[in-house]
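Dear colleague,

I am handing over the structure below, and my notes on what was found in it follow directly after.

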Amino acid sequence: MSDFGVTGHDGAVRRWWSVGRLAILGFAGVLMVLGVVLIILATSDRDLAAEEERENVLAGSDNVCVGCHANTTPGIVDQYGHSTMAAANVSCQDCHEVAADHPGAVAHEDTWVLADPTTAMCERCHPAETRQYLASRHGIPAYVAMVGKEWLSGDLLAMYDSIPEAAPNPNEERNALYALEGPAVTRFACEGCHNIGRPAPDGSVGECQQCHLRHEFSLEQARKPETCNACHIGPDHPQWEIYQESPHGIAYATGGYRWNWEVEPGRATVMDIPAATCALCHVSGFGGTGTTHDVGERLTWYLFTPVSEMRPNADDNRVRMQTVCLECHNQGFIDAFYSDAAAATLAVNEWVLESREIMQPLAEAGLLTPEPFDDPIDYVFFELWHHWGRTAKFGAWMQGPDYTQWHGAYEVLSDLAELREMVVERLDAAELTGG
Ligand code: HEC
Ligand code: HEC
Ligand code: HEC
Ligand code: HEC
Ligand code: HEC
Ligand code: HEC
Ligand code: HEC
Ligand code: HEC
């Protein structure tokens with residue numbers, strides 16, 4: 001029986017049904033729209049509530065700096081007014097005001113200020129964080145990596161020598177690039193990242209504001225991986241790209257907006273942060289592990305070197321990192337993961353050693369120029385370990401299969417083949433010229 005040509009009682013019932021159906025559909029539609037509106041209202045209510053929790057404590061302040069800067073730099077005053085430090089009565093003067101003879105001081109409105117407060121200012125109230133930071137490669141070693149150790153004097157040299165992790169160092173080839181490119185370029189290149197360990201005129205070292213962007217000093221901002229991606233990115237250390245493709249990064253990208261980013265330091269649990277971030281693995285207090293500003297404190301290998309070796313404090317460091325993992329994974333899983341990643345690290349070591357063997361006959365025959373980076377073969381030899389070897393290792397340790405494979409191992413193999421061919425060609429050419 002079809003609907004076509006149906007009349008009488010049956011037809012009337014059907015028409016009633018279709019009108020009824022329309023009405024029900026319409027009603028459901030209205031309900032859905034209402035629901036969406038209600039959800040939007042509810043979430044914006046929540047956002048408002050969060051905003052209200054942090055009111056601007058500097059509104060109506062009689063602090064002399066605030067009084068004037070509310071007009072000259074309203075953004076800075078507003079950001080700082082919402083920080084927990086302002087709520088704890090830390091003033092503009094606490095970070096900026098110094099004695100007239102403080103190196104770098106500028107005369108300003110009947111007093112002396114630092115335009116760029118140094119770690120010496122933070123250290124007075126945060127001695128532990130500053131000490132940890134200065135004991136890490138984020139401290140003076142980051143600066144030495146650019147400019148070399150020779151210029152260090154007195155206190156700075158002592159600071160450098162006291163850092164156990166500073167040792168496997170200045171890699172000649174990379175420092176050569178700094179000089180080769182020159183200050184007009186490196187000011188915007190190397191220094192953009194390595195100034196995290198820059199010494200200030202007052203002798204203190206480092207720049208806390210590289211991670212704690214002024215003037216909010218927000219935990220959420222420091223904890224999110226985008227903060228690290230300012231520097232941990234690109235072909236030679238693609239930790240950011242690797243993180244994005246890892247299950248941890250995917251959990252962050254898809255659900256991170258719900259995580260409890262402002263949880264008090266040292267009290268974070270898996271209920272607050274349910275998947276790992278850069279900061280969680282390398283900095284944050286989590287479960288049984290305390291917050292540290294020494295980013296080397298949880299590492300077992302020197303992965304950035306051409307041929308990786310274990311670090312001096314590897315055993316303690318491993319325990320610290322694994323204590324973080326164990327909040328979310330079991331010991332068997334983590335042990336297996338660590339031994340597999342170590343095997344991958346050793347495999348990359350073998351390839352880098354092989355590349356040196358391939359180059360050996362050229363060196364012996366005196367066919368390599370003494371200058372770095374003046375010959376295409378220098379670049380192939382360098383990229384093999386500096387870009388691709390490192391990337392393969394980082395990818396293995398931080399769960400980025402595409403980086404271990406196509407941006408890592410594959411590129412190493414391809415460069416090994418290229419090196420072999422270049423070396424044979426040069427030896428042949430030399431014999432031809434010689435004979
Ligand atoms: C009467 C107004 C006024 C007062 C009071 C004042 N400032 Fe300023 N401040 C300014 C102005 C205007 C500038 C911008 C100057 C410029 O661009 O050359 C400035 C610039 C600064 C700078 C940047 C300096 C630089 O060389 O880049 C800092 C830091 C600063 N003020 C901190 C403070 C602190 C801390 C206090 C309180 C001890 C304070 N100011 C009090 C008006 C004031
Ligand atoms: C907890 C430390 C701290 C406090 C408190 C603080 N500042 Fe700063 N401020 C900094 C740091 C660090 C910088 C330098 C940042 C940089 O170089 O990127 C800075 C830079 C500035 C500058 C220079 C900006 C520029 O780009 O030239 C001004 C102006 C300034 N602060 C004003 C203030 C005022 C006004 C207050 C109080 C409302 C204040 N600061 C409170 C740490 C602080
Ligand atoms: C005069 C003392 C003082 C100085 C100087 C100072 N701080 Fe603080 N800072 C505090 C206090 C007190 C707190 C605790 C606020 C709270 O948790 O209630 C704090 C908290 C913080 C926090 C954690 C914020 C949070 O939401 O828990 C950061 C990050 C921070 N400070 C960074 C810095 C940096 C970077 C500098 C130097 C540029 C600096 N501080 C200089 C006293 C100071
Ligand atoms: C302003 C740039 C910059 C930012 C931002 C930055 N780093 Fe670094 N980081 C560096 C540099 C440069 C080095 C290498 C220093 C060296 O070995 O010479 C480094 C090294 C490291 C190391 C290796 C330490 C070692 O002992 O070998 C870790 C781990 C690390 N950073 C983690 C982080 C994390 C996590 C964040 C974000 C919370 C972060 N970094 C933010 C520049 C930065
Ligand atoms: C995008 C930020 C960035 C730039 C630009 C950059 N680096 Fe680095 N560099 C890093 C980071 C991050 C590491 C740490 C890698 C790791 O530990 O995995 C590093 C590591 C190093 C190391 C090895 C660590 C050590 O202490 O021996 C040297 C040397 C180095 N960089 C020199 C340079 C030089 C020279 C330049 C410019 C020609 C430069 N870097 C440009 C971020 C940067
Ligand atoms: C590599 C990035 C990075 C640098 C550089 C950095 N911090 Fe932090 N800081 C963090 C992160 C991430 C946290 C949050 C820690 C947590 O989740 O437990 C933090 C937390 C803090 C806190 C709150 C800790 C607590 O236990 O209450 C203070 C205070 C602080 N930092 C001060 C500093 C000072 C001072 C410097 C410079 C000497 C500095 N930070 C440099 C990343 C950094
Ligand atoms: C799941 C935890 C985890 C996350 C998330 C993570 N890392 Fe790592 N990271 C590790 C482990 C494990 C190693 C290797 C440790 C070792 O040597 O024992 C490592 C190594 C490193 C190194 C190499 C140091 C060297 O020796 O050259 C750097 C730099 C680094 N991570 C930075 C980052 C940054 C930046 C992010 C975020 C973009 C990040 N990590 C995310 C666990 C993590
Ligand atoms: C805050 C919780 C948390 C921490 C801490 C954490 N992970 Fe994870 N991890 C996860 C989640 C969530 C996943 C994704 C779900 C899954 O595969 O089980 C995951 C997945 C993984 C995977 C699976 C990768 C794959 O491709 O299948 C590995 C390997 C891993 N984590 C290693 C580590 C290591 C090593 C550490 C410590 C250095 C660590 N995790 C720390 C939550 C965490």
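The cover over the buried residues of H9 includes helix H7 (127-134) and helix H8 (140-147), where contact means heavy atoms within 4.5 Å, helices (H or I, at least four residues) are DSSP runs numbered from the N terminus, and buried means under 20% relative accessible area, exposed over 50% and partly exposed in between (1.4 Å probe, protein chains only). This is a predicted model, in which local features need pLDDT of at least 70 and side-chain atom pairs count only at pLDDT 80 or more, while totals for chains, interfaces and linings use all residues. Residues are numbered from 1 along each chain as its sequence is written, chains are lettered from A and ligands numbered from 1 in the order in which they are written, and side-chain values use heavy atoms, with hydrogens and water left out.

Within helix H9 (residues 154-161), the buried residues are Leu 156, Met 159 and Tyr 160. They lie on the same side of H9, because they cover an arc of only 100 degrees around the axis, taken from the directions from the helix axis to the C-beta atoms. Gly 154 and Asp 155, on the other side of H9, are exposed.

Turning to the iron sites, the iron atom of ligand 5 has a single donor from the protein, His 194 (NE2), 2.0 Å away, donors being N, O and S atoms within 2.8 Å of the metal (3.2 Å for Na, K and Ca), with water not among the atoms, so sites may look incomplete. His 194 has its place in helix H12.

Best regards

Definitions and conventions:
Helix = DSSP H or I, 4+ residues; strand = E, 2+ residues; numbered from the N terminus.
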